[in-house]
Amino acid sequence: MRCEICGKSIGARPLRTKIDGSVMEVCEDCSKFGKIQKTPPKPKRILKKTLKQKNKKTKQRRRDEPTEELIEDYNSIIRKKREDKGWSREVLGNKINEKVSVINRLESGKMVPDIKLAKKLENILKITLIEKLDDIDLESFQKSSSNGPTLGDIVKIKKK
Ligand SMILES: [Zn+2]
């Protein structure tokens, strides 16, 4: 490595120095002609920080809506119930304080309502759009554990 100004050999660690608007790799003597550039902060640290923030966000979100999930055929249920009641999309939109375009997109499945909107629809249409996931999980867990090997079975296997 040689100094870009005087050509002196400067080994492996030149000083990055801004001289006349351009950054050059120079020796210690020539660095006095310009402003030494600090090495940019390592991106590793920034990455870590954003990652942490992301985790925090996810956790908070989970705490807010821990067990609730929208059912898959929400759009057909909304449409069916609205038609049962003889309401137009405009009427439903007015009742839940949303634009007709929102109702259009909901019923065509192009828009997934958030929990707040889903609850409004549940109340006004007397339907269930949100499932409690924990109940299902618990049920399947209980089923699988009762079908699983008992302690007696395990002892038998071990004896073989
Ligand atoms: Zn130099």
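At 43% relative accessibility, Glu69 counts as partly exposed (between the limits for buried, under 20% relative accessible area, and exposed, over 50%, with a 1.4 Å probe and protein chains only). Glu69 belongs to strand 4, residues 68–70 (strands, E, need at least two residues and helices, H or I, at least four, as DSSP runs numbered from the N terminus).

## About the model

This is a predicted model, where local features need pLDDT of at least 70 and side-chain atom pairs count only at pLDDT 80 or more, while totals for chains, interfaces and linings use all residues. Residues are numbered from 1 along each chain as its sequence is written, and side-chain values use heavy atoms, leaving out hydrogens and water.

## Salt bridges

Seven salt bridges turn up in the whole structure (a side-chain nitrogen of Lys or Arg within 4 Å of a carboxyl oxygen of Asp or Glu). One of them pairs Asp29 with Lys8 at 3.3 Å, N to O. This pair links distant parts of the chain, 21 residues apart: Asp29 sits in the loop between strand 2 (22–26) and strand 3 (35–36), and Lys8 in the segment before strand 1 (15–19). Asp29 also meets Lys32 in a salt bridge (3.9 Å, N to O); Lys32 is exposed, with a relative accessible area of 65%.

In helix 2 (residues 74–84), Asp84 and Lys80 are four residues apart, so about one helical turn separates them. Their closest N and O atoms are 3.4 Å apart in a salt bridge.
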